[in-house]
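Please consult the sequence and coordinates while reading.

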Amino acid sequence: MKTTLKIEEFAQFMFGIFLFSQLEFSWWVFPALLLVPDIGMIGYAINTKIGAITYNLFHHKAIAILLIVVGMLYFGEICTLIGVILFSHSAMDRIFGYGLKYPDSFKNTHLGSIGNN
């Protein structure tokens, strides 16, 4: 099952690249921004509960999809770009086993414990 999930996440990452290709940005923008959503980890400087909340806000695919759709319909390419980057980054993270966080520990994710996959 782990392999199947990784293939699915890889397909979503490729879809993120496709979505990016539909925007009017230079190709270097995608890799330059791809790790920016990890800024959500800054909440862990306060405590694990705040860290989980901020991390999950920046890594939740439903939020990313909402930003993509709202950007396409109302707010333009910058909003769409933010959504595409969040979506692509989340898919990439999940390929490597980094899921949404539980508030007790950074290593406790919806995909299981990091390092035990």
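Q: How many salt bridges does the count come to?

A: This is a predicted model, in which local features need pLDDT of at least 70, side-chain atom pairs count only at pLDDT 80 or more, and totals for chains, interfaces and linings use all residues. Residues are numbered from 1 along each chain as its sequence is written, and side-chain values use heavy atoms, with hydrogens and water left out. A salt bridge is defined as a side-chain nitrogen of Lys or Arg within 4 Å of a carboxyl oxygen of Asp or Glu. By this rule, the count is one salt bridge.

Q: Which side chains meet in a salt bridge, and at what N to O distance?

A: Side chains of opposite charge can pair when their charged atoms come close. Here the salt bridge joins Lys61 and Glu9, with an N to O distance of 2.3 Å.

Q: Which helices hold Lys61 and Glu9, and how many residues apart are they?

A: Helices (H or I, at least four residues) and strands (E, at least two) are DSSP runs, numbered from the N terminus. Lys61 lies in helix H4 (residues 61–75) and Glu9 in helix H1 (residues 2–21). The pair thus links distant parts of the chain, 52 residues apart.

Q: Is Lys61 buried or exposed?

A: Buried means under 20% relative accessible area, exposed over 50%, and partly exposed in between (1.4 Å probe, protein chains only). Glu9, the partner of Lys61 in the salt bridge, has 11% relative accessibility and counts as buried. Because the value for Lys61 is 12%, Lys61 counts as buried.

Q: Where do the buried residues of H4 fall when seen down its axis?

A: In H4, the residues Lys61, Ala64, Ile68 and Gly71 are buried. The arc is that of the directions from the helix axis to the C-beta atoms. Since the buried residues fall within an arc of 90°, they line one face of the helix.

Q: Which residues are exposed on the other side of H4, and which helices do its buried residues pack against?

A: On the other side of H4, the exposed residues are Leu66, Leu73, Tyr74 and Phe75. Contact means heavy atoms within 4.5 Å. The buried residues of H4 pack against H1, H3 and H5.

Q: At what angle do H3 and H5 pack?

A: Axes are lines fitted to C-alpha atoms, for helices over the stretch in contact, and angles run from 0 to 180 degrees between N-to-C directions. The axes of helix H3 (residues 48–59) and helix H5 (residues 77–95) are 8 Å apart. Their packing angle is about 110°.

Q: What is the orientation of H3 to H5?

A: Angles under 35 degrees count as roughly parallel, over 145 as roughly antiparallel, 65 to 115 as roughly perpendicular and the rest as oblique. At about 110°, H3 is therefore to H5 roughly perpendicular.

Q: Which residues of H3 and H5 make the contact?

A: The contribution of H3 consists of Tyr55, Phe58 and His59. From H5, the residues are Leu86, His89, Ser90, Asp93 and Arg94.

Q: Which residues are in contact with Arg94?

A: Arg94 is in helix H5 and is buried, with a relative accessible area of 11%. Its C-alpha atom is separated by 9.7 Å from that of His59, 35 residues away along the chain. Leaving aside neighbours within four places in sequence, Arg94 is in contact with Glu9, His59, His60, Lys61, Gly99, Leu100, His110 and Leu111.

Q: Which residues does Leu34 touch?

A: Leu34 is placed in the loop between helix H2 (29–33) and H3. With a relative accessible area of 10%, Leu34 is buried. Not counting residues up to four places away in sequence, Leu34 touches Phe13, Ile85, Ser88, His89 and Met92.

Q: Which residues does Phe25 touch?

A: Phe25 is found in the loop between H1 and H2. At 24% relative accessibility, Phe25 counts as partly exposed. Not counting residues up to four places away in sequence, Phe25 touches Phe20, Glu77, Ile78 and Leu81.
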